[in-house]
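Subject: Handover of a structure and its findings

Dear colleague,

Please find the structure below, together with its sequence. I would ask you to keep it in view while you read the notes that follow.

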Amino acid sequence: MTARIERPLSPHLQIYRWTLTMALSIVHRLTGIALYFGTLLLAWWLIAAASGPGAYANVQAFTGSIIGKLIVFGYTWALMHHLLSGLRHLVWDLGYGFKATEREALTWGALIGGVSLTVLVWIAAYAIGGGR
Amino acid sequence: MSVEESHGSPRKARSMRTPLARVRSLGASHSGTSDFWRQRITAVAMALLIVPVIVVVLMLLGRNQAGAAQILGSLPIAIILLLFIIASAWHMKIGMQVVIEDYIHNEKLKLASVMANNFFSIAVALASIYAILKLSSGV
């Protein structure tokens, strides 16, 4: 092995002061990963609907349970947040919203909007289906 | 790039390819920006489809299998869901591959993970598509 030369390294994440956009960048990735595995639930539900009453009742028993509701609620938030956070990225892709105030506003918008939309969808769900 | 660099000296020329041909559609991943672009197409598609998809899901709440099957089998709803499934499976396959390539540095493990990611995404998409087609055909 050749001798290691001690070169100065560029500082990594933990050196910097945490900013909202940094945190939300990681949240965007984490919600993406959560949604990735959450598609299993969606596929299970569709397959059950195509399979018959017994299989569908199993899904409904799961989504009606406390743990199931928590997972579906978390899935709803991950979807809403990833959606708004992703729209923010599309704005940036087009070259807009890079000023300090603009990027902060977009990021707060995604954060607050994601939580609000989640609550709205669940209010609608309870109003329509009685929480099933 | 200077003129000399771009054309290369005749003595050193190893390739007949022009600089444009070398960069066209390639780059380090040998796939150019196609994944970047597809990630955006599928993102916009889902942003457009999300409202009808949520409406469909809300319509299904509180119904039994027969009711759900009837709604899912209707033509416009089946098409909306099929489009959403294709867009989301494609989007999540690309997204997970970016995550894998960012964090897994062992080459063999990386290849295995990228392969597993492809299998997972295709399997989830195909299973969901099959279920919807089955509901639509009413078999």
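I begin with two helices of chain A. The axes of helix 3 and helix 4 (residues 100-129) of chain A come within 8 Å and cross at roughly 145 degrees. Helices are DSSP runs of H or I with at least four residues, strands are runs of E with at least two, and both are numbered from the N terminus. Axes are lines fitted to C-alpha atoms, for helices over the stretch in contact, and the angles run from 0 to 180 degrees between N-to-C directions. The crossing of helix 3 of chain A with helix 4 of chain A is right-handed; a crossing has this hand if the near helix is turned clockwise from the far one by less than a right angle, and is left-handed if the turn is anticlockwise. The residues of this contact between helix 3 and helix 4 of chain A comprise 15 nonpolar, eight polar and three charged. Here Ala, Val, Leu, Ile, Met, Phe, Trp, Tyr, Cys and Pro count as nonpolar, Asp, Glu, Lys and Arg as charged, and the others, Gly among them, as polar. Contact means heavy atoms within 4.5 Å.

Some notes on the model are needed at this point. This is a predicted model, in which local features need pLDDT of at least 70 and side-chain atom pairs count only at pLDDT 80 or more, while totals for chains, interfaces and linings use all residues. Residues are numbered from 1 along each chain as its sequence is written, chains are lettered from A and ligands numbered from 1 in the order in which they are written, and side-chain values use heavy atoms, with hydrogens and water left out.

Further findings in chain A

Helix 2 (residues 53-64) and helix 3 (residues 66-93) of chain A have axes that come within 5 Å and cross at roughly 80 degrees. Helix 2 of chain A is therefore roughly perpendicular to helix 3 of chain A. In this scheme, angles of 65 to 115 degrees count as roughly perpendicular, under 35 as roughly parallel, over 145 as roughly antiparallel, and the rest as oblique. From helix 2 of chain A, Phe62(A), Thr63(A) and Gly64(A) meet residues of helix 3 of chain A, including Ile66(A), Ile67(A) and Lys69(A). The residues of this contact between helix 2 and helix 3 of chain A divide into five nonpolar, three polar and one charged.

Leu87(A) lies in helix 3 of chain A and is partly exposed, with a relative accessible area of 34%. Buried means under 20% relative accessible area, exposed over 50%, and partly exposed in between, with a 1.4 Å probe and protein chains only.

Leaving aside neighbours within four places in sequence, Val27(A) is in contact with Trp77(A) and His81(A). The C-alpha atoms of Val27(A) and His82(A), 55 residues apart along the chain, are separated by 8.4 Å.

Where the two chains meet

The axes of helix 1 (residues 20-51) of chain A and helix 5 (residues 75-103) of chain B come within 10 Å and cross at roughly 140 degrees. These two helices are therefore oblique to each other, and their crossing is left-handed. Among the residues that make the contact are Ile33(A), Tyr36(A) and Phe37(A) of helix 1 of chain A, and Met92(B), Met96(B) and Val99(B) of helix 5 of chain B. The residues of this contact between the chains divide into 10 nonpolar, one polar and two charged.

Findings in chain B

Chain B has six helices and zero strands. Buried residues make up 35% of its 139 residues. Among contacts in chain B between residues at least 6 apart in sequence, 65% join residues at least 24 apart.

Which residues does Gln97(B) contact, leaving aside its neighbours within four places in sequence? They are Val114(B), Asn117(B) and Asn118(B). Gln97(B) lies in helix 5 of chain B and counts as buried because its relative accessibility is 13%. Ile94(B), also placed in helix 5 of chain B, is buried at 3% relative accessibility. Beyond its neighbours within four places in sequence, Ile94(B) is in contact with Asp35(B), Arg38(B) and Gln39(B).

Leu126(B), found in helix 6 (residues 107-137) of chain B, is exposed, with a relative accessible area of 59%.

A colleague
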